[in-house]
Amino acid sequence: MKDHLHNMGWLSDHRVDMINDILVENGVSYDELRNDLLDHVCCLVEEQMDDGRSFQQGLDTALDRFGLNQLKIIQETTLYLINSKLNTMKKTIGIIGLITSLLVILGVLFKILHFPGANIMLVLGITGSALVVFPLLGYLAISSTGSSSETWINLIGYAAGLVISLGVLFKIMHWPFASILLWSGVGLVALVFMPIYTVQAYRLAENKLFALSKSMLIIAGIVVVWGLSNLRVNAHHHADQPTSTTQEMTH
């Protein structure tokens, strides 16, 4: 509310709050639309007061121009346009997400079967996910009309997914800092995203046991990835060390 006072001339806080309450009472619940309407109504009221009319006369004139009975319709139209835009973006993200997912799945299968083109598909799929899908999902989370806490949870999750995707890409291409990116992403999921997500999901869920089990499954997956990575590292380490028999033979 205070951020908009800079655009509202010399109307007092009390009068601005009064106009805001009128908008709320007449069905304008969407914050961004209400703030825009509040700016416009206050400007019209000030113009009327500059012409010598009282605050109440200016307010009545301004509200007549907008039409109190039309405010709810204005909000419904605005939300419809916003949702239409978001739905179009969701479809676009869905198509790109399907393509990149298929590329990654096929790339992994081709890698296992030693078919040509595996690396190309993996690079295209992972790069598309990291540089297109996750940023678009983040923009969608910011543009949505959901709660701010839900928006932040989604943004943290998408950021973690982006970092992990880049880490996998760097690992495939044998570029430096791959491990740093991978474990930074996993750490973001494990230490930031999961605690916030678990608390939020547990607090809001009707079936709290089900919500808790979902979180535990994700945590179990992270632990499995971490454990298998450590086992692989240890296996390579032991493989590189010469056995005592080999040492004796060399002597």
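Me: If contact means heavy atoms within 4.5 Å, which residues does V41 touch, not counting residues up to four places away in sequence?

Reply: This is a predicted model, in which local features need pLDDT of at least 70 and side-chain atom pairs count only at pLDDT 80 or more, whereas totals for chains, interfaces and linings use all residues. Residues are numbered from 1 along each chain as its sequence is written, and side-chain values use heavy atoms, with hydrogens and water left out. With residues up to four places away in sequence not counted, V41 touches I19, L59, A62, L63 and F66.

Me: How many helices are there in the protein chain?

Reply: Helices (H or I, at least four residues) and strands (E, at least two) are taken as DSSP runs, numbered from the N terminus. Read along the sequence, the chain follows the pattern α-α-α-α-α-α-α-α-α. With zero strands in the protein chain, the number of helices is nine.

Me: Are helix 1 and helix 3 roughly parallel or roughly antiparallel to each other?

Reply: Helix 1 (residues 13–25) and helix 3 (residues 55–66) pack at an angle of about 30°, with their axes 13 Å apart. The axes are lines fitted to C-alpha atoms over the stretch in contact, with angles running from 0 to 180 degrees between N-to-C directions. Because angles under 35 degrees count as roughly parallel, over 145 as roughly antiparallel, 65 to 115 as roughly perpendicular and the rest as oblique, the two helices are roughly parallel.

Me: How many charged residues are in the contact of helix 1 with helix 3?

Reply: The contact is made by R15, M18, I19 and I22 of helix 1, together with F55, L59 and L63 of helix 3. By class, Ala, Val, Leu, Ile, Met, Phe, Trp, Tyr, Cys and Pro count as nonpolar, Asp, Glu, Lys and Arg as charged, and the others, Gly among them, as polar. Beside six nonpolar and no polar residues, the number of charged residues is one.

Me: What is the relative accessible area of H114?

Reply: H114 is found in the loop between helix 4 (71–113) and helix 5 (118–143). Phi of H114 is near 60°, a positive value in a residue other than glycine. This residue is exposed, and its relative accessible area is 72%.

Me: With which residues is S165 in contact, leaving aside its neighbours within four places in sequence?

Reply: S165 lies in helix 6, where it is buried, with a relative accessible area of 13%. Apart from neighbours within four places in sequence, the contacts of S165 are I126, A130 and F134.

Me: How far apart in space are A178 and V168, C-alpha to C-alpha?

Reply: A178 is found in helix 7 and is buried, with a relative accessible area of 6%. Leaving aside neighbours within four places in sequence, A178 is in contact with G167, F170 and K171. A178 and V168 are ten residues apart in sequence, and their C-alpha to C-alpha separation in space is 6.9 Å.

Technical notes:
Contact means heavy atoms within 4.5 Å. Buried means under 20% relative accessible area, exposed over 50%, partly exposed in between (1.4 Å probe, protein chains only).
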